[in-house]
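Here is a short report on one protein model. Keep the sequence and the structure in view while reading.

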Amino acid sequence: MDALNGLSDTRLARFAPRSSSGRRARRAPLLLLAALAGLAAACGERSDVQIARRILEDHRRRARVKPLPGAQVVRLRLSSPARRDGAEGTGRIEWEGPNYRETLSSAGWTIVRGIQAGKAYWTDEDGVTRVASEPVLSELVTRSYFWRRAYLFDDLERARITLGPAEGRTVSVQLTPPGGNPLLLIFSSRGELVGARSPRFDLEFQTPALFTDSSRPDARFQAEIRSTALPSDEMADAQTGGWPSRWKAARAESPLRRAGRALLVQGRIGGLPARIAVDAAADGPLRIRTDFARRLALSPQADVLGRRVTRCGPLEIGEGSSLSYPRLFCEVSDELPDGADALGGSVFFRETVVEVDPAEATVRFHDPGRWTAPPGYFRGLLDDDGDRPVAILRRGSETVRLRAGTAAGPALVLAPESARRLELAAPGTTAQGLHWGTASFPASPVLIEPDAFDPAWGDEGGLGFDLLLNFHVFLDMPRRWAYLQPLAGSP
């Protein structure tokens, strides 16, 4: 029997009085849970923690589930929700001591994320592996904590524990593992584990082996646990690298154009001239418009994340194909800026130094191995959120993480929580005193976007090209630095 199948018998038996009436026996746990939650609120944190521990202990004892071994492999079958095309995929969750790894595969691509030697790493659809940012690490620490059932260890692996909300027919426990994000475990009135929620981690269990993964709301999928077993061999170390880019010169350049608010460069895809929008928010495969894909005779297939994907290429930039990508994964989609044939973000930022030179109306892509930082420029931190460049900006004593180089308008775009923290939430507010490293930004209007970002995870807003075009800027995500020089006459 699957080691995870024991979840089906979980019951909060200590909360359920014996009764000859089935209905009364079923309702009593709900009433008593509500009473216990009220008692915890009245008695303070100690009672709150005691009840939370009692819920977990009952879950462990009644369902006969235990923490999983120090090395384990969980295999998943993935499928699309019923409303989408019936694409399928596979998943694999594995750990060995402190190392942890998640692998998803569908429609020919494979994505890998994991923890190794205390650092997070990411392998995208094109096979490029890099060390990822602290928010990615915190998310993976939490995922590892959940899948290993570390919440059932006697010491909870030193996680902070508290009683979560009781709503209707559910009760919950919140745990925060060291280095991770808060994790909410949700139990039904019968004690079954029905959900697990944390920033960018959202599982809803229909049965102990079947769940919906809504960690990315725009890419939900179904997953079925097919097996859990001890690993057959050691987990191989991940190695950074795998860049598909090829360089015939130290740099490639294109005239700087705009497609709405997006940056637009000239290139070729499959030998055809293409107008390619550049947007730091585009963290997936190169996106190609449907009619352009037809001209390339591409035949996309649906994947489990709801995308239409295929192999395409070559992608070429610059005279004489100074920069080229012989083969890439592409998504066929019409969610592109008007006037653009394609949209790319990660394909450029992950393995080139992106230079935006407004004075000469030119965009240049530099080979990181042959590029050196220019003198006389301000320097600021640039993080790597898994194929997405992020600017670490400062206002007073507060910092904020913004997607660096997006199609956002002439405003600083913030999540509501981040705007309040920076004291920029009032209507009509103008952001002043904003710094990227030692570079000062001009006063900028603030736009609040309630549903576009995930500040609890570390995704707090966007820094558009309209603001960046006040500078001559180099975005060096491979080495995690940005270099800025204000233009003459800029605010």
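## Confidence

pLDDT is the predictor's confidence in each residue, on a scale from 0 to 100. This is a predicted model. Its average pLDDT is 89, and 90% of the residues score at least 70.

One stretch needs care. Residues 1–35 have a pLDDT below 50. In the model, this stretch still makes 65 contacts beyond near neighbours in sequence. Where pLDDT is low, the predicted coordinates should not be read in detail.

## Overall build

The protein has 38 strands and seven helices. It counts 491 residues, and 56% of them are buried. Its accessible surface is about 21600 Å². Carbon and sulfur atoms account for 48% of that surface.

Take the contacts between residues at least 6 apart in sequence: 62% of them join residues at least 24 apart.

Strand E7 covers residues 160–163, and strand E8 covers residues 170–176. The two pair in the antiparallel sense, over four bridges. Arg160 stands opposite Thr176 in E8. Six residues lie between the strands of this hairpin. Gly168 takes a positive phi there, near 60 degrees.

Which side chains of E7 are buried? Ile161 and Leu163 are, and they point to one face.

## Aromatic pairs

The whole structure holds twelve aromatic pairs. One of them joins Phe146 and Phe201. Phe146 sits in helix H3 (residues 134–147) and Phe201 in strand E11 (residues 201–207), so the pair ties together parts 55 residues apart in sequence. Phe146 and Phe201 are both buried. The two also belong to a cluster linked by ring pairs, with Trp147, Tyr151, Phe205 and Phe211.

Trp371 and Phe474 form another aromatic pair. This one is tilted: 5.5 Å centre to centre, 35 degrees between the planes. Trp371 lies in the loop between strand E27 (362–366) and strand E28 (378–384). Phe474 lies in strand E37 (residues 471–476), so the pair links distant parts of the chain, 103 residues apart. Both Trp371 and Phe474 are buried.

## Arginines over tryptophan rings

Two arginines lie over ring faces. Arg200 lies over the face of Trp457, at 3.7 Å from the ring centre. Arg379 lies over the face of Trp481, at 3.6 Å from the ring centre.

## Two buried residues

Ser254 is found in strand E15 (residues 251–255). Is Ser254 buried or exposed? Ser254 has a relative accessible area of 3%, so it is buried. Setting aside residues up to four places away in sequence, Ser254 touches Val265, Gln266, Ala361, Thr362 and Val363.

Phe453 lies in a loop, between strand E35 (444–448) and strand E36 (461–464). Its relative accessible area is 15%. The cut-off for buried is under 20%, so Phe453 is buried too. Beyond its neighbours within four places in sequence, Phe453 contacts Arg403, Val413, Leu414, Ala415, Asp459, Glu460, Gly461 and Gly462. Phe453 and Val413 are 40 residues apart in sequence. Their C-alpha atoms are 9.7 Å apart in space.

Conventions:
Residues are numbered from 1 along each chain as its sequence is written. This is a predicted model: local features need pLDDT of at least 70, side-chain atom pairs count only at pLDDT 80 or more; totals for chains, interfaces and linings use all residues. Side-chain values use heavy atoms; hydrogens and water are left out. Buried means under 20% relative accessible area, exposed over 50%, partly exposed in between (1.4 Å probe, protein chains only). Contact means heavy atoms within 4.5 Å. Accessible areas come from the Shrake-Rupley method with a 1.4 Å probe; for residues, only the protein chains shown count as cover. Two strands pair if DSSP finds at least two bridges between them. Rings of Phe, Tyr and Trp (its six-membered ring) pair if their centres lie within 6.5 Å; planes under 30 degrees apart count as stacked, over 60 as edge-to-face and the rest as tilted. A charge sits over a ring if NZ of Lys or CZ of Arg is within 6 Å of the ring centre and within 35 degrees of the ring normal.
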